[in-house]
Amino acid sequence: AAGAAQPASWPPPTSPPSWPPPSATDAMAHYTPAPLPLRPPTSVFAATWLMYAGAGFSVLWTLVNLTRIKDIKDAFVARHPVLSASAVKSLAGIATVEVLVAGAAVIALWLWLAYASKQARPWARIAGTVLFAVDTFGLFVTLGVPGLRPTKGISIVIWLIGLITVILLWQRDANRYFSARR
């Protein structure tokens with residue numbers, strides 16, 4: 001059994017290390033690694049998805065209001081029979097443009113605030129809260145108008161989405177998320 005070969009270890013103990021370990025004189029040793037990007041907490045994540053839902057319901061609101069312009073025009077003519085047909089047609093055209101512009105603006109605001117909230121922009125939840133207050137006023141105006149049943153229903157759903165979104169954006173974990181970006 002004399003002269004039996006010993007198993008070799010890997011790496012051989014006599015070979016120098018292939019890469020020197022970092023030392024205090026290493027040029028990169030005094031740099032800290034970049035921080036990991038912040039992930040939104042559950043409340044901000046849910047609020048963001050609710051904002052996307054708000055944009056979707058705003059599309060529905062716009063489409064319903066576009067289909068209701070003829071009914072509104074007919075009711076207007078019944079109350080104001082003195083107006084000419086061209087004046088009524090002009091008013092219907094103005095109402096169509098107004099619904100399209102208002103709908104596009106509301107949809108854009110929902111999407112913009114969703115993006116800004118996901119990016120932890122502190123002003124986003126303040127802007128969202130102010131816009132929710134404006135929407136609350138608009139809801140009271142809408143509810144005060146006789147008729148417009150489908151519009152009222154969709155407006156209430158949009159208002160509820162806004163309410164839940166604002167509550168979620170002001171949760172304690174959301175506060176930490178938004179303050180970490182300052």
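The lining of the second largest pocket divides into six nonpolar residues, one polar residue and three charged residues, where Ala, Val, Leu, Ile, Met, Phe, Trp, Tyr, Cys and Pro count as nonpolar, Asp, Glu, Lys and Arg as charged, and the others, Gly among them, as polar. This lining consists of Arg 68, Asp 71, Ile 72, Ala 75, Phe 76, Arg 79, Val 145, Pro 146, Gly 147 and Leu 148, and the space in the second largest pocket comes to about 170 Å³. The model is predicted, and local features need pLDDT of at least 70, side-chain atom pairs count only at pLDDT 80 or more, and totals for chains, interfaces and linings use all residues. Residues are numbered from 1 along each chain as its sequence is written, and side-chain values use heavy atoms, with hydrogens and water left out.

The protein chain holds five helices and zero strands, in the order α-α-α-α-α from the N terminus; helices (H or I, at least four residues) and strands (E, at least two) are DSSP runs, numbered from the N terminus. Of its 182 residues, 25% are buried, a term that stands for under 20% relative accessible area, with exposed meaning over 50% and partly exposed the range in between (1.4 Å probe, protein chains only). Among contacts with a separation of 6 or more, 77% join residues 24 or more positions apart, contact being defined as heavy atoms within 4.5 Å.

Helix H1 (residues 42–79) packs against helix H2 (residues 85–118) at an angle of about 175°, and the two axes lie 9 Å apart; axes are lines fitted to C-alpha atoms, for helices over the stretch in contact, and angles run from 0 to 180 degrees between N-to-C directions. H1 and H2 are therefore roughly antiparallel, on a scale where angles under 35 degrees count as roughly parallel, over 145 as roughly antiparallel, 65 to 115 as roughly perpendicular and the rest as oblique. The residues of this contact of H1 with H2 comprise 23 nonpolar, eight polar and two charged.

The largest pocket has a volume of about 1200 Å³. On a 1 Å grid over the protein atoms alone, a pocket is an open set of points where a 1.4 Å probe fits, with protein on both sides within 12 Å along at least five of seven lines, and lining residues have an atom within 4 Å of a point. Grid points are joined across faces, edges and corners, and the volume is the space filled by probe spheres set on the points. The lining of the largest pocket has 42 residues, of which Trp 61, Asn 65, Ala 102, Val 106 and Thr 142 are the closest to the centre. Two or more lining residues come from each of H1, H2, helix H3 (122–144) and helix H4 (149–169), with the largest share, 14 residues, from H2. In composition, the lining of the largest pocket has 27 nonpolar, 12 polar and three charged residues.

Asn 65, in helix H1, is buried at a relative accessible area of 7% and, apart from neighbours within four places in sequence, contacts Val 99 and Thr 151. Ser 43, also placed in helix H1, counts as buried at 8% relative accessibility; its C-alpha atom is separated by 8.9 Å from that of Ile 167, 124 residues apart along the chain. Not counting residues up to four places away in sequence, Ser 43 touches Leu 168, Gln 171, Asp 173 and Ala 174. In helix H4, Thr 165 is buried with a relative accessible area of 4%, and, leaving aside neighbours within four places in sequence, Thr 165 is in contact with Ala 47, Leu 50 and Met 51.
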